[in-house]
Amino acid sequence: MNNLRGFLSDFYNRALTFRETSKGFIVDIDIHTNNQKETVHKTRVQCLQNETVIYVIAESVLIDLSSYKETTKPASFDLRKQAFFVYLQTQLLILQNDQLYALHNKEQLPFVTTIDLEIQNFLFHQFTPQEYVLSILGVNDVIVKDANKHVSKKEVEYFIVTSKRQFLLQRDIKHDFQIISIARNELTIFDKTGKDLVSTQKLSFYTEFMNDYLFHELLPVIKSAQNRLEVFADLLVKKYSKKEAHLALASRIFHLQNDAMFSSLNTLKADVAVLFKNLSIHKQKEETLFAILTKHATSDFNFGDNLVTIAQNWQLSFKTQKELLKIIRPLQQKSTAKHSIAFHQHVYEQFQDKKRKETETFEFNLNYARHLTNAERFSEAVALYKIIYQLLPDDSITDLLPTKNTNLLEGEGGQQLKITVLEAILYNQKQLGENTSETIHKLAELQPLVHRRIDDLLTIEALKYKAKAIQETFQESNFSSLKTHSTSLYQPLNKKEILQKVVPSCFKDAKGFFDSLHNFIAALNPPDYDAVISFSDELNSTNYPEITSRISAICHALQIQAPECYIGRGNYSDVVIGVEGKPAFLIIGIDFLDSKSSQFLEINSLLFLIAIELAHIYFEHSKITSTDVWRGATDKGFTVVNLLLSVLPFAGNIGTIFGNIANVEKYKTIINRVEQVANVAEKGKEIMEVSERYNLNPFKKEKSQQDHSENLLITSRLMEIVADKVALLFCDDVKAAVKALVYSKPNFETSQKLIDTHGLETFLAQTNEAGEFIHQELIIRIRNVFSFYLSDTFETLKKQLHN
């Protein structure tokens, strides 16, 4: 009232009177006194209020001063155009503000057309508590079908949508109002050229020319029942998110919906709507968004489902959903994993339908599998990890590339990609109480030098004896508990078939590998045949019948002619060397044959060394991997290689293999980023670092002798591993095989005391001042022997050989 009194005093320069009544107030303005006629003329405005309506009456008043009789008649001006009336209406609307935008529409949304103050005031007096205006749209040509004719001529017609209902508002030229209700599910829109036709069972009307699309957008809002405010706010976010003011309005509407019917979904929508301008996530707002999402995820079990609903309601792009998933990645931890997994699943299902790079698919799968594990959805995690395992790049070449600092005894190096995924599978299987035998077996094959892998293997009945054999090999000092093996009957083996099964998997896909491998002969001058026989005794069925018999049996299986055998002395007293040629021959050192020698080997161990050399002859690469060459390439820093090699054995084909190193490194980086597991970050030596150290780039234009030397190391390792596997098939005694490898090591007598006192593992663990493992090459060979011994391939080939 004071506001109105002040406005009138300021607006009118002439005198006025203002008095309050029990039902409102009366103000007299434009007061004129006529002394001649003894009359007073003035304009009187009365503002009267009942329970629901405020009435404003403007009258012209004539007062006879002689009798003070008042004569009144309607004012001669249009009350609606008077400034004080406009001011009064405005003040009333301020009191009736619906908390949204109908009063001023500052956001300039198209859903609310401009209407005069009178209509606004009329509308607000029709609303019930907590009913909010959502849309006011102009319409034309309203026809009531029952009457089958136009209603009397209307000045204006509007279609009104509120949070609770929808209706038509009409005002005729006399300023009389009429409201026509419309049922929620009756509305049908017919597209027309220009204006669209909107129809119900009882009436029809046309949209205005430029607002027809708004009716289509409002249709879901109209048809919604309990959550109309939410649906309308979703519409604002989805269609009108270019301005922050629009999003702020949507946020207020979500809050209003929550006031009417609480849900954690609307609370979340209200909190994050303002951060999705243009339905995108802007970098500078990520931190704020994460803080909000963390608050909700911590307390709301339905958090993930709510994010899914938001993505669907707001039609967020897949890119935006991926960004949102990345932001909430910290919420994949166990405390909130169950709350957020639903959204991850939603995005993952969309990802499955899209063509992506292999590395991107791998990372996405790995993230989801980890989340499934933390959310305790173990069955799904196992299934996905198995898919991931199948998609891994072949990283078996890493078995050939450990540096001398890599601690293979503790599980460093090797195929860390497979190990990491298998460990995840094993964890999930244990949570489910599933049979873990296959996974434990695979892990033991990959890390046969790691104690816990072999300990786990003891739980598998079929593999228990192998696990004990490996344990005993490490624990025993003198390898005394060797079994005897008297068979000399073997079935013939197919060279191409067996080669494919004993070569590391990374070489199997190298184009032309098997064709070029067995044809390669290095430019090496082997021990001279004439010189050997001049000072060596022949080893034959007379002096060593069992050894001779076993050599013949092995040669029969390999389908090669039995070589001549000689007993090595002097420089050849502690080696076994196989030499290709015409004739091919074997040199078997006397130290292995003499029972009084510290390097004496029982038949199975000696057989292992002999079978290695026969395998080299069998695969036609004995010259590159004979003991002298191996010793020179590995122990003497490649210095003798200048005489050995001018081209790789499979030049042009090995590019596929070494080209995969970068890919393996990329996948390892992904695992580090996603899983953040120590065994990859700490135990997986940098493959690229090793590659650079050994110059294993097959695409370099410039080649030096150093390159050839270093590539020879990899080639030699490959040949040794292949031959060791074949030899183990004939030996069939893993303890004997390891003893043979250790006892045939140069200068063995200097190491024997340490082995006898502290065991094999202590001997192998020796390092120099630089932290390099002194016996790394031996460790690599033992690891591969154990791995092959544990493999199904070993059992398959053994049955084939001994059948």
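# A guided tour of the predicted model

The protein's secondary structure comes to 34 helices and 17 strands. Both are DSSP runs numbered from the N terminus: helices are H or I with at least four residues, strands are E with at least two. This is a predicted model, in which local features need pLDDT of at least 70, side-chain atom pairs count only at pLDDT 80 or more, and totals for chains, interfaces and linings use all residues. Residues are numbered from 1 along each chain as its sequence is written, and side-chain values use heavy atoms, with hydrogens and water left out.

**Whole chain**

Start with everything shown. Of the 803 residues, 53% count as buried. Buried means under 20% relative accessible area, exposed over 50%, and partly exposed in between, with a 1.4 Å probe and protein chains only. Now turn to contacts, meaning heavy atoms within 4.5 Å. Among those between residues at least 6 apart in sequence, 63% join residues at least 24 apart.

**The cores**

Select Phe159, Phe205, Leu293, Trp314, Phe608, Phe730 and Val742. These residues have the most contacts inside the largest nonpolar core, which has 179 residues. A nonpolar core is a set of buried Ala, Val, Leu, Ile, Met, Phe, Trp, Tyr and Cys residues joined through side-chain atoms within 4.5 Å. Another core, of 14 residues, lies apart from it; Ile115, Phe127, Tyr158 and Leu169 are among its members. In soluble globular proteins, nonpolar side chains tend to be buried together.

Zoom in on Phe608. Not counting residues up to four places away in sequence, Phe608 touches Asp724, Ala727, Leu728, Cys731, Ala737, Ala740, Leu741 and Val785.

Next, pick Val742 and Ile755. They are 13 residues apart along the chain, and their C-alpha atoms are separated by 9.8 Å. Ile755 lies in helix α31 (residues 749-758). Its relative accessibility is 2%, so Ile755 counts as buried.

**Helix α3**

Select residues 117-124. Six of the eight residues of this helix, α3, are buried, so it is largely enclosed by the rest of the structure. The buried ones are Glu118, Ile119, Gln120, Asn121, Leu123 and Phe124. Show their surroundings: they pack against α2 (83-95), β6 (133-144), β8 (154-162), β9 (166-172) and β10 (177-182).

Look at the start of α3. A side-chain oxygen of Asp116 reaches to within 3.1 Å of the backbone nitrogen of Glu118.

Then step to the loop between β9 and β10, where His175 sits. The phi of His175 is near 65°, a positive value in a residue other than glycine.

**Two helix pairs**

Show α6 (residues 244-260) with α7 (residues 264-272). They pack at an angle of about 160°, with their axes 8 Å apart. Axes are lines fitted to C-alpha atoms, for helices over the stretch in contact, and angles run from 0 to 180 degrees between N-to-C directions. α6 and α7 are therefore roughly antiparallel to each other; that label applies to angles over 145 degrees. α6 passes α7 in a left-handed crossing. Left-handed means the near helix is turned anticlockwise from the far one by less than a right angle, right-handed clockwise. Ser251, Phe254, His255, Gln257 and Asn258 in α6 meet Asn266, Thr267, Lys269, Ala270 and Asp271 in α7.

Carry on to Leu279, in the loop between α7 and α8 (286-299). Leu279 is not a glycine, yet its phi is positive, at about 55°. Leu279 is buried, with a relative accessible area of 15%.

Now show α21 (residues 545-558) and α23 (residues 603-618). Their axes come within 10 Å and cross at roughly 35°. α21 passes α23 in a right-handed crossing. The contact includes Ile547, Ile551 and Ile554 of α21 and Leu607, Ile610 and Leu614 of α23.

Which loop holds Pro448? Pro448 is placed between α15 (437-446) and α16 (451-457). It is buried, with a relative accessible area of 1%. Leaving aside neighbours within four places in sequence, Pro448 is in contact with Ile454, Ile470, Arg783, Phe786, Ser787 and Leu790.

Last stop: Gln776, in helix α33 (residues 776-790). Buried or exposed? Gln776 is buried, with a relative accessible area of 2%. Gln776 touches Pro402, Thr403, Lys404, Asn405, Thr406 and Leu408, not counting residues up to four places away in sequence. A polar atom of the Gln776 side chain lies 2.8 Å from the backbone oxygen of Thr406.

Definitions and conventions. A polar contact is a pair of N or O atoms within 3.5 Å; within protein, one must be able to donate a hydrogen and the other to accept it, and residues adjacent in sequence count only if both atoms are side-chain atoms. Angles under 35 degrees count as roughly parallel, over 145 as roughly antiparallel, 65 to 115 as roughly perpendicular and the rest as oblique.
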